[in-house]
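Work through the exercises below with the model at hand. Each task is followed by a stepwise solution.

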Amino acid sequence: MSQQNECMRCGACCAFYRVSFDCGETDDIAGGMVPLHLTVKVNGTRSAMCGTEKRPIRCQALTGQIGRRVSCAIYDRRPSACRAFLLAWENDIGNSNCDRARAIYGLMPISHF
């Protein structure tokens, strides 16, 4: 595996899964970090990242081309759902959700690198 985790260039998960999280994580609430203008209310207690609440899915904070070179415009302020999504093979642990998202974009599972 290269020195940089392949996940950090991929972005398939950001264009495959809905990113929902507690409304209290938005920056209009004391202690919240996620920029409110990049979110949409799902219900009274949950929000989602804009672009992940409907198909086709692509988080509005994702920049670049999937599978080539991507980054998250709010990486340091990303919601808990993104923070909880494990980077494939970090600490020698695979991630089948990563593999599933990558397959949709014609990318091999990271375990094959």
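**Exercise 1.** Classify Phe 85 as buried, partly exposed or exposed, then work out how its ring is paired.

Step 1. The classes rest on relative accessible area: buried is under 20%, exposed is over 50%, and partly exposed lies in between, with a 1.4 Å probe and protein chains only. Phe 85 has a relative accessible area of 24%, so Phe 85 is partly exposed. The model is predicted: local features need pLDDT of at least 70, side-chain atom pairs count only at pLDDT 80 or more, and totals for chains, interfaces and linings use all residues. Residues are numbered from 1 along each chain as its sequence is written, and side-chain values use heavy atoms, with hydrogens and water left out.

Step 2. Rings of Phe, Tyr and Trp (its six-membered ring) pair if their centres lie within 6.5 Å; planes under 30 degrees apart count as stacked, over 60 as edge-to-face and the rest as tilted. By this rule there are 2 aromatic pairs. In one, the ring centres of Phe 16 and Tyr 17 are 4.7 Å apart with planes at 80 degrees, so this pair is edge-to-face. In the pair of Tyr 17 and Phe 85, the centres lie 5.9 Å apart and the planes stand at 45 degrees, so the class is tilted.

Step 3. Tyr 17 is in the loop between α1 (7-10) and β1 (20-22), and Phe 85 in the loop between α2 (80-84) and α3 (96-104), so the pair ties together parts 68 residues apart in sequence.

Step 4. Phe 16, at 21% relative accessible area, is partly exposed. Ring pairs join Phe 16, Tyr 17 and Phe 85 into a cluster.

**Exercise 2.** Find which residues form the salt bridge and where they lie in the chain.

Step 1. Side chains of opposite charge can pair when their charged atoms come close. The criterion is a side-chain nitrogen of Lys or Arg within 4 Å of a carboxyl oxygen of Asp or Glu; the count is 1 salt bridge.

Step 2. The partners are Arg 77 and Asp 27, whose closest N and O atoms are 2.9 Å apart. Arg 77 is in the loop between β5 (69-72) and α2, and Asp 27 in the loop between β1 and β2, so the pair links distant parts of the chain, 50 residues apart.

Step 3. Arg 77 is partly exposed at 35% relative accessibility, and Asp 27 is partly exposed at 36%.

**Exercise 3.** Determine the strand order of the open sheet.

Step 1. Two strands pair if DSSP finds at least two bridges between them. β1 and β3 (residues 46-49) run antiparallel, joined by 3 bridges. β2 (residues 39-41) and β3 are also antiparallel, with 3 bridges, and form a hairpin with 4 residues between them.

**Exercise 4.** Locate the cis peptide bond.

Step 1. The cis bond joins Arg 55 and Pro 56, with omega about -5 degrees. Pro 56 is in the loop between β3 and β4 (62-65).

Terms used: Helices (H or I, at least four residues) and strands (E, at least two) are DSSP runs, numbered from the N terminus.
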